[in-house]
Amino acid sequence: MATFLYRLGRWAFLRRRLMTLLWVALLATAGVLAAKAPAAPDDGFAMPGTEAQRAFDLMDERFPGSTAEGASARLVFVAPSGQKITAGTNQQAVERTVAEIAHGEQVTGAVSPFQAGAVSKDGSTAYATVSYDAKPGSLTTAATDALQQAAQHGRDAGLTVEIGGSALMGGAEAGGTAEAIGMAISAVVLVITFGSLAAAGLPLLTALVGVGLGIAAITALGSTLGLSTTTSTLAMMLGLAVGIDYAVFIVSRYRAELLEGHEPREAAGRAVGTAGSAVVFAGLTVVIALAGLSVVGIPMLAKMGMAAAGTVVIAVLVALTLVPALLGFLGGRVLPRRARRTAARRVRSRRAPAGPAVADGAPGAGVPPVLAVVPAGEQPANGGTRWARLVLRRPVAVLLSGVIGLGILALPALDLRLGLPGEESKPTSTTQRRAYDHLSEGFGPGFNGPLTVLVDAKGAADPKAAAERVGQEVAGLPGVVSVSPPVFNKAGDTAMINAVPSTGPSAAETVELVHTIRDRSPGLKSATGATVLVSGATAMNIDVSQKLSDALVPYLAVVVGLAVVLLLVVFRSVLVPLKAALGFLLSVAAALGAVVAVFQWGWLADLIGVEQTGPVMSFMPIFMIGVVFGLAMDYEVFLVTRIREAYVHGEEPGEAVVTGFRHNARVVTAAALIMISVFAGFIGMAEPMVKMMGLGLAAAVAFDAFVVRMAIIPAALALLGRRAWWLPRPLDRILPDVDVEGTRLQARTPEPEPARHFVGV
């Protein structure tokens with residue numbers, strides 16, 4: 001593989017104008033197709049295989065036009081202090097507000113609280129339910145504006161009016177500001193790392209090209225493949241992350257080859273042949289992690305994973321072709337001015353006639369003089385060298401400190417409780433949270449999470465009696481405050497019953513109540529002949545959390561198992577892939593522990609603006625595993641392949657670790673800092689779920705890059721010595737030799753070329 005990529009890099013460098021035009025043409029074509037493509041479908045939030053989803057599907061069938069998954073709003077009215085909402089002027093203001101919104105766009109119904117009996121016992125609070133013919137997130141601007149305008153008219157009349165429900169669920173909170181800040185920080189880190197504006201700007205430019213092409217392709221294929229607008233969220237985040245990382249790896253190796261005295265075109269070829277090989281396999285591990293989201297069984301998550309995987313493939317291709325092409329335009333300008341002069345002198349010295357032949361058995365024998373490995377001890381020390389030597393002197397202490405430290409941080413994860421936070425987790429500055437609080441005060445906390453009990457009495461001898469029996473059974477359960485009378489469909493064979501729990505939607509007691517009702521379902525069917533299903537938003541959230549929890553172990557097994565096999569091929573070692581996977585699991589567990597401590601236990605919650613503790617978002621563990629696993633394997637492959645390269649080329653195991661850190665520790669540190677900065681930017685968002693994702697991902701990358709890859713891994717390699725690279729002979733014969741280290745490149749004599757690319761020398 002290294003030889004093929006070496007030729008590809010040289011060709012892209014030589015044909016840089018053609019290669020650049022090809023990528024520009026691809027980007028322009030995808031942009032045009034995306035602009036002309038039909039609108040992407042709304043794939044909703046289907047959860048195949050769950051009881052709540054079966055109930056939703058049955059409601060759509062038996063109650064046509066009811067839009068069981070349609071958007072709804074709750075207008076919550078609170079009378080001024082000391083007054084009743086039923087007082088003459090207050091009641092008139094409520095009825096005017098409800099009548100106004102009833103004529104709004106996309107509204108299918110708006111029921112006055114005085115007709116529906118939706119008034120609290122103390123008479124201070126009332127609510128009106130507004131139904132829409134569109135799904136949450138699909139309402140027009142005119143519809144949401146009309147809702148907010150009606151609420152404002154109620155406020156003008158002296159009432160407190162807040163809006164709850166799903167009608168105001170727009171898209172995810174805009175992350176444009178966070179992304180811009182992340183890009184700015186990335187630019188600063190790259191300038192400090194490379195000391196050259198050209199070298200810093202190139203990874204950002206190529207990452208934007210790759211992400212732009214990926215998002216345009218997703219948009220263009222949206223209607224054909226059923227990709228909604230939410231599908232591109234993960235693709236944008238990861239495409240930008242790996243796009244920067246992969247370009248940084250190639251540019252860094254190119255600079256190192258220049259400083260070793262290679263011609264620019266030869267340096268580009270060698271950079272793509274060596275670092276490019278690492279990029280290919282790092283990209284494959286990311287693709288495995290993202291494609292593995294399909295095993296979870298959630299269509300939306302599977303589509304997001306596959307779309308993001310496609311964007312990562314584009315990022316790999318950009319790194320292997322567009323990056324060396326742009327290096328052809330920049331030449332030596334990727335180096336600081338002083339380094340350019342040093343590189344030019346070394347190029348001239350390489351062109352000088354070779355020295356006397358090296359005797360057989362001497363260091364460097366069989367290798368062209370210009371390519372002989374320089375012993376690690378003779379290389380100038382940098383921060384990576386000094387750190388590696390420190391770890392090699394105290395490997396046991398470093399290893400134990402890293403493992404024990406991450407283990408302690410992971411302890412809170414043992415208390416992990418999953419759920420889908422609702423309006424109770426929103427900031428108190430939002431109208432949704434204030435509506436939630438007013439309803440809890442007026443009607444009880446469970447009122448915000450009612451359960452919909454669907455009675456399918458098609459096989460019952462007496463559907464009405466069956467529904468009444470179910471209602472009585474549910475009403476008698478502990479934790480149920482009230483049960484509504486059954487509402488039948490036109491055919492009279494299916495009924496809906498609303499049950500209000502005594503606890504909030506995310507409370508453990510509510511989860512237990514849902515399971516209790518479902519456990520009673522077989523007995524009720526035997527007694528009445530009717531099938532009982534529990535649904536509604538609260539039950540759906542419980543089912544989602546359970547499905548994601550059940551899928552966590554299979555997902556880990558698939559992703560980690562396939563990645564270990566892939567790394568086995570890359571490193572030709574049994575222990576190194578296992579060590580990489582175990583280190584990743586440790587860092588993810590520590591990051592989940594940090595999330596539980598902050599968002600579930602409330603530690604340091606005030607510091608980052610978390611106003612309400614609660615369960616951890618159900619998607620968080622799998623989402624974190626998918627995203628962080630890809631980035632962690634990037635750092636693992638890039639760092640350890642350079643260590644193995646030095647080992648294969650004749651260095652002792654300890655010297656190889658020092659060599660790998662000397663060349664790549666700074667780049668891995670820069671890449672990790674960029675990702676941490678990007679993810680940490682989301683902690684400042686108002687949306688708690690976005691905060692949680694930002695903290696979890698930033699912590700996971702920090703733990704994995706700086707504790708696992710930079711401390712635990714070199715310590716383990718030092719303790720294992722040559723055993724780290726042990727591979728059983730049967731496996732050695734079976735596994736393909738992909739030559740990630742570029743061993744075959746050592747036998748190549750570089751072709752001479754003019755040194756005109758060292759611009760500014």
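Trainee: How many salt bridges does a search of the whole structure find?

Mentor: The search finds 18 salt bridges. This is a predicted model, in which local features need pLDDT of at least 70, side-chain atom pairs count only at pLDDT 80 or more, and totals for chains, interfaces and linings use all residues. Residues are numbered from 1 along each chain as its sequence is written, and side-chain values use heavy atoms, with hydrogens and water left out.

Trainee: What counts as a salt bridge?

Mentor: Side chains of opposite charge can pair when their charged atoms come close. The cut-off here is a side-chain nitrogen of Lys or Arg within 4 Å of a carboxyl oxygen of Asp or Glu. Take Arg520 and Glu473, whose closest N and O atoms are 2.8 Å apart. Arg520 lies in helix α18 (residues 508-528) and Glu473 in helix α17 (residues 463-475), so the pair ties together parts that are 47 residues apart in sequence. Helices here are DSSP runs of H or I with at least four residues, strands are E runs of at least two, and both are numbered from the N terminus.

Trainee: How exposed are Arg520 and Glu473?

Mentor: Read the relative accessible area: buried is under 20%, exposed is over 50%, and partly exposed is in between (1.4 Å probe, protein chains only). Arg520 is partly exposed at 36%. Glu473 is partly exposed at 26%.

Trainee: Which parts of the chain does the pair of Arg722 and Glu652 link?

Mentor: These two side chains meet in a salt bridge of 2.9 Å, N to O. Arg722 sits in the loop between α23 and α24 (729-734), and Glu652 in the loop between α21 (620-648) and α22 (653-680). The two are 70 residues apart, so the pair links distant parts of the chain. Arg722 is partly exposed at 46%, and Glu652 is partly exposed at 38%.

Trainee: Are Arg62 and Glu61 buried or exposed?

Mentor: Arg62 is buried, at 12% relative accessible area. Glu61 is exposed, at 55%. Their salt bridge has its closest N and O atoms 3.8 Å apart. Elsewhere, Arg253, Glu257, Arg642 and Glu645 are linked in a network of salt bridges.

Trainee: Now helices. Which residues of α15 are buried?

Mentor: An α-helix has 3.6 residues a turn, so residues three or four places apart point the same way. In α15 the buried residues are Pro395, Val398, Gly402, Leu406 and Ala410. Seen down the axis of α15, they fall within an arc of 90°, so they line one face of the helix. That arc is taken from the directions from the helix axis to the C-beta atoms. Exposed residues Ser401 and Ile408 are on the face turned away from the buried side.

Trainee: What covers the buried residues of α15?

Mentor: The cover includes α14 (383-393), α20 (575-600) and α23 (688-720).

Trainee: What span does α15 reach?

Mentor: Helix α15 (residues 395-410) has 16 residues and reaches 22 Å from its first C-alpha to its last. That is close to the 22 Å expected at 1.5 Å a residue. The expected span is 1.5 Å times one less than the number of residues.

Trainee: Which residues touch the most other members of the largest nonpolar core?

Mentor: A nonpolar core is a set of buried Ala, Val, Leu, Ile, Met, Phe, Trp, Tyr and Cys residues joined through side-chain atoms within 4.5 Å. The largest has 180 residues, and Tyr246, Met624 and Phe679 touch the most other members. Contact means heavy atoms within 4.5 Å. Not counting residues up to four places away in sequence, Tyr246 touches residues including Val279, Val312 and Asp634. A second, separate core of 26 residues includes Val94, Val107, Ala128 and Val161.

Trainee: Where is Ser618?

Mentor: Ser618 is in the loop between β11 and α21. Ser618 is buried, at 1% relative accessible area. Its side chain joins that of Ser545 in a polar contact of 2.4 Å. A polar contact is a pair of N or O atoms within 3.5 Å; within protein, one must be able to donate a hydrogen and the other to accept it, and residues adjacent in sequence count only if both atoms are side-chain atoms.

Trainee: What is the phi of Gln106?

Mentor: Gln106 has a positive phi of about 70°, although it is not a glycine. Gln106 lies in the loop between α4 (88-102) and β2 (107-111) and is buried at 18%.
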